[in-house]
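This report walks through one protein chain for a reader who has not seen it before. Please look at the sequence and the model first, and then read on.

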Amino acid sequence: MNLRDLVYGLYSRRVERRLDEDQVPKHIGVILDGNRRWAKAAGSTAAQGHQAGADKIAEMLSWCEETGVEVVTLWMLSTDNFDRPQEEIVPLLGIIEDAVANLAATGRWRVHHVGTMDLLPDRTQAVLKEAEQDTHGIDGLLVNVAVGYGGRQEIADAVRSLLYEHASRGTSIEDLAEILDVEHIAEHLYTRGQPDPDLVIRTSGEQRLSGFMLWQSAHSEYYFCEVFWPAFRKVDFLRALRDYAARHRRYGA
């Protein structure tokens, strides 16, 4: 261990000791951004950057367990990412498949897919379904893996599901319009039954949501971190929690 690691370790423990357990967010959303830029800076390939980002996930989930976080949503692949060249998407999907399978194999976390299955290759769909089935009964941290996810697509899918449900009951459009409220749509989101994220973290210095959990993040706090995702450290995570705890959430009041 070098001097820098020692200093970071001491600082991390100091920040952690000062955290108020009652102020820890129960649900954290994380936009895992900056894998390619990290790779470029390190003289590595995009695939190596994505792999380094995947390797960081389990470490981050351990920090969540230690601090009392109950739900984590990880944005691993957006619907917009499918516009990238196939030579990048194909290995990226393989890395995601391995990452999700490894999360399930630990037996520590309950894995749940959020996103549109139809956009994904059959193998990716199978891995996601198997991970969810194998971890269904685990009483631990709930990990939403957002793969093939887009916030606008989620809302469109929720409305479509709502319409199908009421059509099957014989409800007319006019009757549905009379009773429709936000809770009806919320019941059809990918994260239905879960608390909305208290805190959304985005790495890499970008200060935008890019469509992440558009509906659920209406009252979320945001924390934008300069560091690229593969280089995200425990001290960065603890700073995000500290920053969140220092805010006074008014919910419009």
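## The annotated site

The unreviewed UniProt entry carries an "active site" annotation that covers Asp-33 and Asn-81; positions from UniProt are given in the numbering used here, feature names are shortened, and annotations may be inferred rather than shown by experiment. These residues span 49 residues in sequence, yet no two of their C-alpha atoms are more than 12.0 Å apart, so they gather at one spot. Asp-33 and Asn-81 both belong to the lining of the largest pocket (on a 1 Å grid over the protein atoms alone, a pocket is an open set of points where a 1.4 Å probe fits, with protein on both sides within 12 Å along at least five of seven lines, and lining residues have an atom within 4 Å of a point).

This is a predicted model, in which local features need pLDDT of at least 70 and side-chain atom pairs count only at pLDDT 80 or more, while totals for chains, interfaces and linings use all residues. Residues are numbered from 1 along each chain as its sequence is written, and side-chain values use heavy atoms, with hydrogens and water left out.

Asp-33 sits in the loop between strand E1 (27-31) and helix H2 (35-42), where helices (H or I, at least four residues) and strands (E, at least two) are DSSP runs numbered from the N terminus. Asp-33 is buried at a relative accessible area of 16% (buried means under 20%, exposed over 50% and partly exposed in between, with a 1.4 Å probe and protein chains only). Leaving aside residues up to four places away in sequence, Asp-33 touches Arg-202, Thr-203, Ser-204, Glu-206, Phe-228 and Trp-229, a contact being heavy atoms within 4.5 Å.

Asn-81 lies in the loop between strand E2 (71-78) and helix H4 (86-105), and Asn-81 is also buried, with a relative accessible area of 15%. A polar atom of the Asn-81 side chain lies 2.8 Å from the backbone nitrogen of Ser-78.

Trp-109 is in the loop between H4 and strand E3 (110-114) and is buried, with a relative accessible area of 1%. Among the residues that Trp-109 touches, not counting those up to four places away in sequence, are Ala-58, Leu-61, Glu-65 and Ile-138. The side chains of Trp-109 and Glu-65 are joined by a polar contact of 2.9 Å (a pair of N or O atoms within 3.5 Å; within protein, one must be able to donate a hydrogen and the other to accept it, and residues adjacent in sequence count only if both atoms are side-chain atoms).

Glu-221 belongs to strand E6 (residues 221-224) and is buried at 16% relative accessible area. A polar contact of 3.0 Å links the side chains of Glu-221 and Arg-247.

## Aromatic pairs

The structure holds 8 aromatic pairs, counted when the ring centres of Phe, Tyr and Trp (its six-membered ring) lie within 6.5 Å, with planes under 30 degrees apart called stacked, over 60 edge-to-face and the rest tilted. Tyr-222 and Phe-224 form a tilted pair, 6.4 Å centre to centre with 40 degrees between the planes. Trp-229 and Phe-232 form a stacked pair, 5.3 Å centre to centre with 25 degrees between the planes; Trp-229 is buried at 0%, and Phe-232 at 1%.

## The chain as a whole

The chain has 9 helices and 6 strands, and 47% of its 253 residues are buried.
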